[in-house]
Amino acid sequence: MGRILTVAGRLSDTPYRIRKIERNVYSAEELCYSLAQCADFMDEEIMDPALADWLSECCGMHELARLLRAQLRGRHTPKEFVGTILRECACLPAGESAKVLTRMEEGREMESITKDLSRAQNLAGKGLMRQAQNTYTELLNRLPDMERGTRAQIWKEKGLHYADSFLFERAADCFRMAWELSPVPEHAFWYVASLYMYMDGDSYRSFLEEHPEFYESAYQVEQRAARAESRFKSGSESRQLRRLRQLRRENHEDAFSSRLGHTLKGMQEDYRQRVTASI
């Protein structure tokens, strides 16, 4: 298949490789269409002195190369750099260049949001819940409404961190928002699990009667709860509690006080180790 005829500069025998998308281009047209196709991924890497050299030496576009080199010397953004290429080459249909630049801006904003989301998760991992929740709220305020998937992810993260703090009613509100934005099984499970943790039995059953779409999630939650209860009953913590109750019932006050102190000391040490590990 032959290559298209060029209308901006000349066809090059030597390609320029757009590293961000691992693609070779042989003309200004191919460069412009590649930038248009992958605008969401374009960043500072496209501001490459070798690109200006290639446009000048291989495509004969000396004026465009001069403009790009001037931008490289100044404090210009990738959006301005790509905008100059699209304007000077004039290869795209009317109005398309503006759309490409808008997508670049949105892509940079999403990259920033991804970094801030990671920062919020790191704050929560260190136990800095207030700072983490504030960051999540800021992200939700910045995100456009159409970013339903990312908004759902943030609501889920907020819910998980509320649940870690045993604030199950707040967690349920967050998981409900995540499920409404993205009704996938994971969000439904966490929503029902939070309701299970804070609702009384009658309220929980009434909710399920009114919302049969959550039956499957409720079954999974109750199965996991039953397994967790079984593991607890067979574990050392449960045995310690049973022994303390027995000593209290039999009025062995000295033995009860001694064992209670030992148990509390162990819990405190375990807590300190958990906190230290999270810092």
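## Starting with the whole chain

Count the contacts in the chain between residues at least 6 apart in sequence, and 48% of them join residues at least 24 apart. Keep in mind that what you have on screen is a predicted model.

Switch to cartoon view now. You'll be looking at 13 helices and two strands. As for what's hidden, 36% of the chain's 279 residues count as buried.

## Into the largest core

Select Ile154, Tyr191 and Phe214. These are the residues with the most contacts inside the largest nonpolar core, which has 34 residues. Which helices each supply at least two residues of this core? Color these to see: helix 5 (96–125), helix 6 (129–142), helix 7 (148–164), helix 8 (168–181), helix 9 (185–198), helix 10 (201–210) and helix 11 (215–233). Helix 8 gives the largest share, seven residues.

Zoom in on Tyr191. Skip its neighbours within four places in sequence, and tyrosine 191 is in contact with Ala172, Phe175, Arg176, Phe207 and Phe214.

There's a second, separate core to visit as well, and this one has 33 residues, including Ala8, Cys59, Leu64 and Leu92.

## A lysine on the inside

Go back to helix 7 and pick out lysine 158. Is this lysine buried or exposed? Lysine 158 is buried, yet it has no salt bridge. The nearest side chain of opposite charge belongs to aspartate 173, 10 Å away. So what does lysine 158 touch, leaving aside its neighbours within four places in sequence? Show Gln133, Tyr136, Thr137, Leu140 and Cys174, and you have its contacts.

## Checking the cysteines

How many disulfides does a search of the whole structure find? The search comes back with zero.

Start with cysteine 59, which is in no disulfide; the nearest cysteine sulfur is that of cysteine 58, 6.3 Å away. Cysteine 59 counts as buried because its relative accessibility is 1%, under the 20% cut-off.

Conventions:
Residues numbered from 1 in each chain as written. Predicted model: local features only at pLDDT ≥ 70, side-chain atom pairs only at ≥ 80, totals over all residues. Heavy atoms only, no water. Core = buried A, V, L, I, M, F, W, Y, C linked by side-chain atoms within 4.5 Å. Buried < 20%, exposed > 50% of the residue type's maximum accessible area, 1.4 Å probe, protein only. Helix = DSSP H or I, 4+ residues; strand = E, 2+ residues; numbered from the N terminus. Contact = heavy atoms within 4.5 Å. Lys, Arg positive; Asp, Glu negative; His and termini not counted. Salt bridge = Lys/Arg side-chain N within 4 Å of Asp/Glu carboxyl O. Disulfide = S-S within 2.5 Å.
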